[in-house]
Amino acid sequence: MWKWLTTLYHRLGSPKWFYQITGRWLPWFAISALVLLSVGLVWGLVYAPMDYQQGNSFRIIYLHVPSAILAQSIYVMMAIAGVVLLVWKMKMADVVAQSMAPIGAGMTFMALATGAIWGVPTWGTWWMWDARLTSMLILFFLYLGLIALREALKPQEVAAKACALLAIVGVINIPIIKYSVDWWYTLHQPATFTLTQKPAMPASMWLPLLIMVLGFYALLGWSVLLRARAEVLLRERKSGWVRETLEKK
Amino acid sequence: MTPKRKKKLALIGLMLSALAIAVGLTLYALSANINLFFAPTQIVQGEAPLDREIRAGGMVVDGSVQRDSDSLNVRFAVTDYNAEIWINYDKILPDLFREGQGVVVVGRLNETGEIVASQVLARHDENYMPPEVAAALEAAGQMPDHSPFRNQAPQNQY
């Protein structure tokens, strides 16, 4: 298993292999994203029970929590890709990081927006400068900074290194987001899901949420692969294999 | 791993830990400002400034809500299970406001030690449940605790 993983890792490091292998993965990600998201959405928005205090407005959790989880884990993945680029000089890591940045920014925006919409009926305000909301806003600006930095620097290798460094430095913000609700008094409630305790909601509520989270991850895989494959073709446009694949189509 | 890569990896690790310490110390130094609200105990002990806009948070004391019959004026007490503080408010309360529920109020502390609020926000907890489950738990006296002051709170008070 370990050997298989290391071979896969080295193969994915080559642009040509990356393009071929991920081409086979694409339909699986696409199908699982579509199935999981449609099941999760209908289950969560229609069939899951409503909350005893918040009523139906609680259902926005089925968009808010998955987007917030993705916003943070995409950033961690980008930081890991940054380490791989800086230490092992694997250029494909940079392609993946570049493909992830706009999706991460979109997820962070979605978490902030759904949180604001949720805040109006429950808290009575759509924004409060509490530690959780503010650190999440900082994450959004980090994503925007990563996108801007990439556009601002030339040549590509310099931009890649700078973005990798910024991604690694910014990873400090992730534990701050995660533990903000435990370290300080905030308006935002503590986490409903932790690895150590059973969820603070019944299975009829958390099962559709789990399906939504998996669906969001499948959607992430699908969209990142689509973007990364296009970027590989663009970066390798002068090589023979790209010309061959494009001619075949 | 080649020595050069090892060195680079160590350098990144060193940079991250130095940064984490710096950020950690800054956040620790600023923690009084990062806390969104003062707990009633802090206000009673005089940590909150008089006549300046502050935020206070706590649980609405059961049976403390007094509504004026001919205006929106409302008075209620907020507690962290250690000290209590009275709040005066004259606007519309959020839907989730009720006795035993967490709130954050924005307002000014006056000389009598009461807060004149300009805004009341409801704070909800991380426990979600269907109405039937909530009714069953309530009947059995097993309702989970809603307070941000969990460590001081007597278990299952509400």
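View 1. A:Leu45 lies in helix H2 of chain A, residues 15-47 (helices, H or I, of at least four residues, and strands, E, of at least two, are DSSP runs numbered from the N terminus). This is a predicted model, in which local features need pLDDT of at least 70 and side-chain atom pairs count only at pLDDT 80 or more, while totals for chains, interfaces and linings use all residues. Residues are numbered from 1 along each chain as its sequence is written, chains are lettered from A in the order in which they are written, and side-chain values use heavy atoms, leaving out hydrogens and water. With a relative accessible area of 42%, A:Leu45 is partly exposed, because that term covers values between buried (under 20%) and exposed (over 50%), with a 1.4 Å probe and protein chains only.

View 2. A:Thr22 is buried, with a relative accessible area of 1%. Its side chain reaches the backbone oxygen of A:Phe18 at 2.6 Å, and the side chain of A:Thr22 also makes a polar contact with the side chain of A:Arg229 at 3.4 Å (a pair of N or O atoms within 3.5 Å; within protein, one must be able to donate a hydrogen and the other to accept it, and residues adjacent in sequence count only if both atoms are side-chain atoms).

**View 3. The interface of chain B and chain A.** Here 44 residues of chain B are in contact with 43 residues of chain A, contact meaning heavy atoms within 4.5 Å. Between the two chains, 11 residue pairs are in polar contact, both at pLDDT 80 or more.
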